[in-house]
Amino acid sequence: MADEKVLDNYLAAAMALHGVEVDEQRLMQLRQQFYLLDSLAGHFIRLDYAIDEEPAAVYRL
Amino acid sequence: MSAELLTVSACAEAFSRGAVSAREIADSTLARIGQAAGLNAFVAVTGERMLAEAERIDRARAAGKALPPLAAVPYAVKNLFDVAGVTTLAGARLLASNPPAVEDAVLVSRMHEAGALLAGTLNMDALAYGFTTENTHYGATRNPRDTDRSAGGSSGGSAAAVAAGLLPFSLGSDTNGSIRVPSSLCGIFGLKPTYGRLPRSGSFPFVDSFDHLGPFAGNTADLALVYDCLQGADRRDAACAQRPAEPVAAQLGRGAIGFRVGRLAGYFDENAGTEARWAAQAAAQILASEADVELPGTAAARAAAYVITAAEGGALHLNDLRLRPEEFEPLSRERLLAGAMLPAVWVQQAQRYRRRFLQQALALFRHFDLLIAPATPVTAPLLNQPEIQVGEKILPTRPNLGLLTQPISFIGLPVAVVPLWPAGQLPIGVQLIAPPWREDICLRAAYALERAGLANARIGQRR
């Protein structure tokens, strides 16, 4: 899980990029959700993927 | 509705032999829906349309025409299906000012052609993002088994209406568990077909990567009959496989003998409470499970599903999240917004992980035809209950009711849910999971559990 300050800075930049504005209470909730997503992403983002394990635009079984 | 009309097959048969008219069925259905208003299962009742469909099918019978398979059978749909003349809300006030749908969703059209009578649209979590059908703007749907409890979600109205005996079947959607969770908590049968099996054309999307549509019913035979009428490709849905229909209803009697069955342990045991573990073990015993098996990487699969869901759902609604945040469900708004802010590489890696996890599951299916797991960690929680206890763990209720369903829909496998009843307890569902495109295996196993007396929907009964 990344440092919370790093995540806060990233989130603030992303919000500015997308023109999103929230009040202080919503910002707190938003940060909590972002931290949760970061901790979940930790399960799979740094795995060693093979070059042919590509994501598909439309998943087909 | 009299007891004999509470199943799809009994209803169609009674109509076919002339014991009852479609108009009488429609009238009694509408009366029951009115009496059960306290459940808050329905968002809109399409009485006028239902009576018109009933008149049409009565005329067909009077003219001696061949009757379609669901002739005069009442049903309703989650309110993310387009119904001509009705605004598609998807549980969201955000969409309430949209004009009414111009035409029916493909699956609603297919039900019309099959002779079914549409009673209305059903309540859900806003934008399908939730597992409890606690909807701030349209109210919570109450569980008919105990009205202080959640019906599950997001297709809570669809499950509650069937469990209460208002309708013999309904349609819903399942992105991360939204058919399987309410089936489990309301104690009825549900089917999430293989990803790409049923066309989603004319339904409001949530997460295109995972969105599935499917039926709920009070028994396996009804579920299979409805599923057979829903099948068929549609090119308007890019994810819909161009496969011919593969009917299942006639195969149910073949049972589950010869299936190689495994019970999923590891992650699925660790995230299951006492009743959930009992249910999976009881089903495994009846189906002669050969082994307890682990599906490697399941926790990461659930994590990746969660990330993709937030990202795709958030991206879908980003403009409105920016411009009209007050119109969103407060219970999920910040989850959606956080998802829209994610780095792209997280989402791409989550999609790559999906390939890997599918390969893990397919490797298991070289040794097994059917895998068994609980559908929910616990039985129905109280409405507004903030946390559930799963073994030693205390977890937030809303995101975690899907702990056991999310990893499976992540890779699109077909799943039937059957209801079991721990002694003196509320019902809980078991997932019967098969390889891609083998809904027949799920439904034959469900039928076998029903025939063995283990699975039963106890329609219309409180616990």
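**View 1. An open, mixed sheet of 11 strands in chain B of this predicted model.** The strands line up as β1-β3-β2-β6-β8-β7-β14-β15-β11-β9-β10. Strands here are DSSP runs of E with at least two residues, numbered from the N terminus, and two of them pair if DSSP finds at least two bridges between them. At the edges of the sheet in chain B sit β1 (42-45) and β10 (291-293), each with a single partner strand, so one side of each has no neighbour in the sheet. On average, neighbouring strands are turned by 30° against each other, direction ignored, going by axes fitted to C-alpha atoms.

This is a predicted model, where local features need pLDDT of at least 70 and side-chain atom pairs count only at pLDDT 80 or more, while totals for chains, interfaces and linings use all residues. Residues are numbered from 1 along each chain as its sequence is written, chains are lettered from A in the order in which they are written, and side-chain values use heavy atoms, without hydrogens and water.

**View 2. Strands β7 and β8 of chain B, running antiparallel.** 2 bridges join β7 (residues 189-192) to β8 (residues 212-217). B:G190 has B:F216 as its bridge partner in β8.

**View 3. Cysteine B:C229, a buried residue.** Its relative accessible area is 18%, where buried means under 20% with a 1.4 Å probe, protein chains only. The closest cysteine sulfur, in B:C11, is 13 Å from that of B:C229, too far for a bond; a disulfide needs sulfur atoms within 2.5 Å.

**View 4. A salt bridge between A:R26 and B:E334.** Their closest N and O atoms are 2.6 Å apart; the rule asks for a Lys or Arg side-chain nitrogen within 4 Å of an Asp or Glu carboxyl oxygen.

Key: Helices (H or I, at least four residues) and strands (E, at least two) are DSSP runs, numbered from the N terminus. Axes are lines fitted to C-alpha atoms, for helices over the stretch in contact, and angles run from 0 to 180 degrees between N-to-C directions. Buried means under 20% relative accessible area, exposed over 50%, partly exposed in between (1.4 Å probe, protein chains only).
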